[in-house]
Amino acid sequence: MSDPSDFLHLAVALDGAGWHPAAWREPDARPLELFTPKYWVEQVRQAERGLLDFVTIEDGLRLQSDDPLEPDERTDRVRGRLDATLIAARVAPVTSHIGLVPTAVVNHTEPFHLSKAIATIDYASTGRAGVRVQLDARADTNAHFGRREIPPLRPEDYASIRDGIEVPELQQRLRDSFDEAADYVEVLRRLWDSWEDDAEIRDVATGRFIDRDKLHYIDFQGRWFSVKGPSITPRPPQGQPIVTALGHATIPYQLIARSADVGFVTPHDAAQAAAIVSEIRAEQRAAARADETIHVFGDLVVFLDDTREAAVARRQRLDERAGAEYGSDALIFTGTPAELADLLLDWRGAGLSGYRLRPAAVPHDLAQITGGLVPELQRRGAFRTTYAATTLRGLLGLPRPTNRYATTAAA
């Protein structure tokens, strides 16, 4: 059996009918089923048939919008979504191997609530849960909650972020937001550790269900959170479910290096991929995590077909239906599975250990990933031919973390 580190890691990012805004209008799309459990179960099962490491499930706390700064009034786009954490909980019992990583907006949710939700998914999936932490600094999102003041981003602020221009006031806001996210992840991890692995006794004869000495207060005090603990959910099967985050620049790269197990990045060529990986590794050393494995995955939007011409034609057709050329923060790949395999293996030399692919249209591009790309990578000896681990940490080659509060070695 090959070591998992011998192969590329592959994940897919699921978002409604696909990442192209006109995907829901494709002949094989199923817009009437977008808000049904069956739809999501079938997507994740398709990914599992392709032996993928995990799926991420997009989420948010506001309606989708083509405008990055405020809501839009479009009615020709998919609007609305199911809760990603609840989708993962529904899918967990009817899948066997694939990891389930819902998105959570952490600056508007409590870490205590999320910690037990993700721990519960880890139990329901017998060790295949994770979470993607995301920030939302838009004023219309804040208006749903009213618990904090978030100055709205101006068009020039968004342009500065997009173009990598450092504006001191904006940089400080971003740093504060990502520092909050790092504290949030620290609270999650402490809560997952707040029960020792053998805290549950369940001894009917003595009447002792738990050993109270093996439940621990976490006593976290920070700028944004004050959490006493312990959790109300026993330590998850993985010890700690995996934590993932998407980054586009130095400050979010620091969050990946300080807090994540997997970071998603958006290079547009191999040289940029190498520079990003180098920066994250430097930040990892600065965060005293040099000895830990932190995977860096490249994100790509994919239009895949049997020929490049067919993929290009389909992308053009979707753009025409949408009324505009599709753009993305990530590289948009248009071509065949074999051509995509060439790119993935080329970029691997830059230090990427895996990829998170965003299917432009579902089910078409998801089927091309599992039925075209995966067999191509297998033929090249670059991807597994069977699941070789029973947990998501196992698939990613990550050890089960030692419990920081443990007073005795777990059995």
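Q: What counts as a helix or a strand here?
A: Helices are DSSP runs of H or I with at least four residues, strands are DSSP runs of E with at least two, and both are numbered from the N terminus. This is a predicted model, in which local features need pLDDT of at least 70 and side-chain atom pairs count only at pLDDT 80 or more, while totals for chains, interfaces and linings use all residues. Residues are numbered from 1 along each chain as its sequence is written, and side-chain values use heavy atoms, with hydrogens and water left out.

Q: Okay, where does Pro230 lie?
A: Pro230 sits in the loop between β8 (226-227) and β9 (242-246), and the peptide bond that joins Gly229 to Pro230 is cis, with omega about 0°.

Q: And which peptide bond is cis with omega near 15°?
A: That is the bond from Val362 to Pro363, where Pro363 belongs to the loop between β13 (354-359) and α11 (364-379). In general, most peptide bonds are trans, and most residues other than glycine have a negative phi.

Q: What is phi of Arg202, then?
A: Phi of Arg202 is near 55°, which is positive although the residue is not glycine. Arg202 is part of strand β5 (residues 200-203), and with a relative accessibility of 54% it counts as exposed, where exposed means over 50% relative accessible area, buried under 20% and partly exposed in between, using a 1.4 Å probe and protein chains only.

Q: Is Ala288 buried or exposed?
A: Ala288 counts as exposed, at 68% relative accessibility. Ala288 is in the loop between α8 and β11, and its phi, near 60°, is a positive value in a residue other than glycine.

Q: Switching to helices, at what angle do α7 and α8 pack?
A: The angle between α7 and α8 is about 55°, and their axes are 8 Å apart, with axes taken as lines fitted to C-alpha atoms, for helices over the stretch in contact, and angles running from 0 to 180 degrees between N-to-C directions. That makes α7 oblique to α8, since angles under 35 degrees count as roughly parallel, over 145 as roughly antiparallel, 65 to 115 as roughly perpendicular and the rest as oblique.

Q: Which residues in α7 meet α8?
A: Thr250, Tyr253, Gln254, Ile256 and Ala257 of α7 meet Ile276, Glu279, Ile280, Glu283 and Gln284 of α8, where contact means heavy atoms within 4.5 Å.

Q: How do the axes of α6 and α7 cross?
A: The axes of α6 (residues 168-193) and α7 (residues 250-259) come within 9 Å and cross at roughly 15°, and these two helices are therefore roughly parallel to each other. Among the residues that meet are Leu174, Phe178 and Val185 in α6, and Ile251 and Leu255 in α7.

Q: Last topic: how many residues of strand β12 are buried?
A: Five of the five residues of β12 (residues 331-335) are buried, so this strand is largely enclosed by the rest of the structure. Leu331, Phe333 and Gly335 point one way from β12, while Ile332 and Thr334 point the other way.

Q: In what sense do β11 and β12 pair?
A: Strand β11 (residues 295-304) and β12 pair in the parallel sense over five bridges, where pairing requires that DSSP finds at least two bridges between two strands. Within that pairing, Val301 stands opposite Ile332 in β12.
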